[in-house]
Protein chains: 2
Amino acid sequence: MRGAEEMRAFVARRAFGLVPTMGYLHEGHLSLVRRAREECAAVVVSIFVNPLQFGPGEDFGRYPRDPKRDAALAKEAGADALFMPEVVELYPEGFATEVRLRGVEDVLEGAARPGHFAGVATVLAKLLNIVGPERMYMGQKDAQQAFLVGHMIRDLNFPTRLVVCPTVREPDGLAMSSRNAYLGEEERIAATAIPRALFAARDAGSTEPEALEETVREALTSEPLIALEYVSANDAATLGPVEPKTGEILLSLAARVGKTRLIDNVVTKR
Amino acid sequence: MRGAEEMRAFVARRAFGLVPTMGYLHEGHLSLVRRAREECAAVVVSIFVNPLQFGPGEDFGRYPRDPKRDAALAKEAGADALFMPEVVELYPEGFATEVRLRGVEDVLEGAARPGHFAGVATVLAKLLNIVGPERMYMGQKDAQQAFLVGHMIRDLNFPTRLVVCPTVREPDGLAMSSRNAYLGEEERIAATAIPRALFAARDAGSTEPEALEETVREALTSEPLIALEYVSANDAATLGPVEPKTGEILLSLAARVGKTRLIDNVVTKR
């Protein structure tokens, strides 16, 4: 660079990007890191399996972990720094604060996993304050999580812009998830019925919420290895019911494939 | 300044200080502004009567307001900027986030005013994010408020240091409070029994919690215009019960003088 203006523009682009993860990184995470790399001067990837967002009986203890591989993958994708705190660092004795989102935290995944989103909101408030990023990157696969975190950022005036990136899928359509590692061979094949059901509903022509849900339900009841927990069509902008003024519909579900609980969603114009 | 080092030291002292208030400023607030002025390169005073921290039937509607006088007083004491947002600016439609402190928010003032401290913590999280101060100044008069906000700052990793400043009192001992403006002439005289009772307990020699509380109770029952709501001796470091390892005791009370609810406290070594 030779011009002062050019240099100033370069220096002004000093945004920090944060990609918060629970580790066991896959292409979904790495797509976030690469997007942050394009848009930010420095990229921080946090890896923290957050106990607050796991309920009793959930998979906190056996959640897959591979910090060495994660570090290599994150650096390769463009991370400048990894933040891998211990549980006691983020939640020392006497920790008492909880960030909640009345109403929006209790539907869909929040109804199925009580306390889950308070745990998510609380740890992300902490990470935002520790890293102080101008931008934070999250995936559309966890649609309600992205919705809630964006809501919290606005409500609490965090000086951070949330960038929600598209779900990354395996060639056969299954949404990338660290929990896919739990799937046995047959379960892994059966799991492809989940995105197929969502795409079929999206592409069937109707945008009536009941019709969308019913298409998914029908497609999945014929799969012996899959137990649908819920499927729900909601206004993507509010997570409330689909209304006349709804612009986009979030069609989301949770299902068990064997013992593994997976979530997925598609968004469709009304 | 002539030396580069000296200049660097001056520039490095660019801390922002925030003094959050509900306005109707008195010497207590102004002592915070002056302290911030001494320690910070720039001082922001926020004035916002926060509806979230008032319960139904409390005095939100009639809380005293005088923004013009406040602006003049704050500037005179050293404020560089006033932040006086509208309610709809801080709580737009759809606002849903709540910051809570499990356990510590439910005792003392929190027990008497359910939801009060969630309102305090939520608005202060917002102000911290909007102003981004290196230091924030609060008064010891609202001891539990200062305790909770310090707790929240640590728990959520806000990059702000909380500076708690001594209670400022009228010449006759009454703690400065915007709510003193509610007191009639006789009530104003009667109210001086509150600090007298607290000082008497502190100076009576015993540090047994029951003895401290009893001294206050006895001193105030003889005052016909005063109705004690609670008096409580707690570990100042935890707000829990006084224990063998307690270093300092917070002796705090709430009382009604006529219709006006006042709070006050003293801290005493064990």
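**View 1. The open sheet of chain A in the predicted model.** Five strands line up in the order β3-β2-β1-β5-β6, and their pairing is parallel. Strands β3 (81–83) and β6 (161–165) of chain A form the edges, each pairing on one side only. On average, neighbouring strands of the sheet are turned by 25° against each other, direction ignored.

**View 2. Helix α2 of chain A against the sheet.** Helix α2 (residues 27–39) packs on the sheet and touches β1, β2 (42–47), β5 and β6 of chain A. The direction of α2 makes about 155° with that of β5(A).

**View 3. Pairing of β1 with β5 in chain A.** Strand β1 (residues 16–21) and strand β5 (residues 135–139) run parallel and are joined by two bridges. A:Gly17 has A:Arg135 in β5(A) as its bridge partner.

**View 4. Helix α6 of chain A and the residue just after it.** Helix α6 covers residues 116–131. At 1.5 Å a residue, its 16 residues should span 22 Å, and the end C-alpha atoms are 22 Å apart, so the two values agree. The helix is mostly covered, with 15 of its 16 residues buried. Just after α6(A), A:Gly132 takes a positive phi of about 60°.

**View 5. The interface of chain A and chain B.** Here 22 residues of chain A are in contact with 22 residues of chain B. About 2100 Å² is buried between the two chains, and carbon and sulfur atoms give 48% of this area. Two salt bridges are found across the interface. In a salt bridge, the side chains of A:Arg102 and B:Glu98 meet at 3.8 Å, N to O.

Note on methods. Residues numbered from 1 in each chain as written. Chains lettered and ligands numbered in written order. Predicted model: local features only at pLDDT ≥ 70, side-chain atom pairs only at ≥ 80, totals over all residues. Heavy atoms only, no water. Pairing = 2+ DSSP bridges. Helix = DSSP H or I, 4+ residues; strand = E, 2+ residues; numbered from the N terminus. Axes fitted to C-alpha atoms, helices over the stretch in contact; angles between N-to-C directions. Contact = heavy atoms within 4.5 Å. Expected span 1.5 Å × (residues − 1). Buried < 20%, exposed > 50% of the residue type's maximum accessible area, 1.4 Å probe, protein only. Buried area = accessible area lost by both parts, 1.4 Å probe. Salt bridge = Lys/Arg side-chain N within 4 Å of Asp/Glu carboxyl O.
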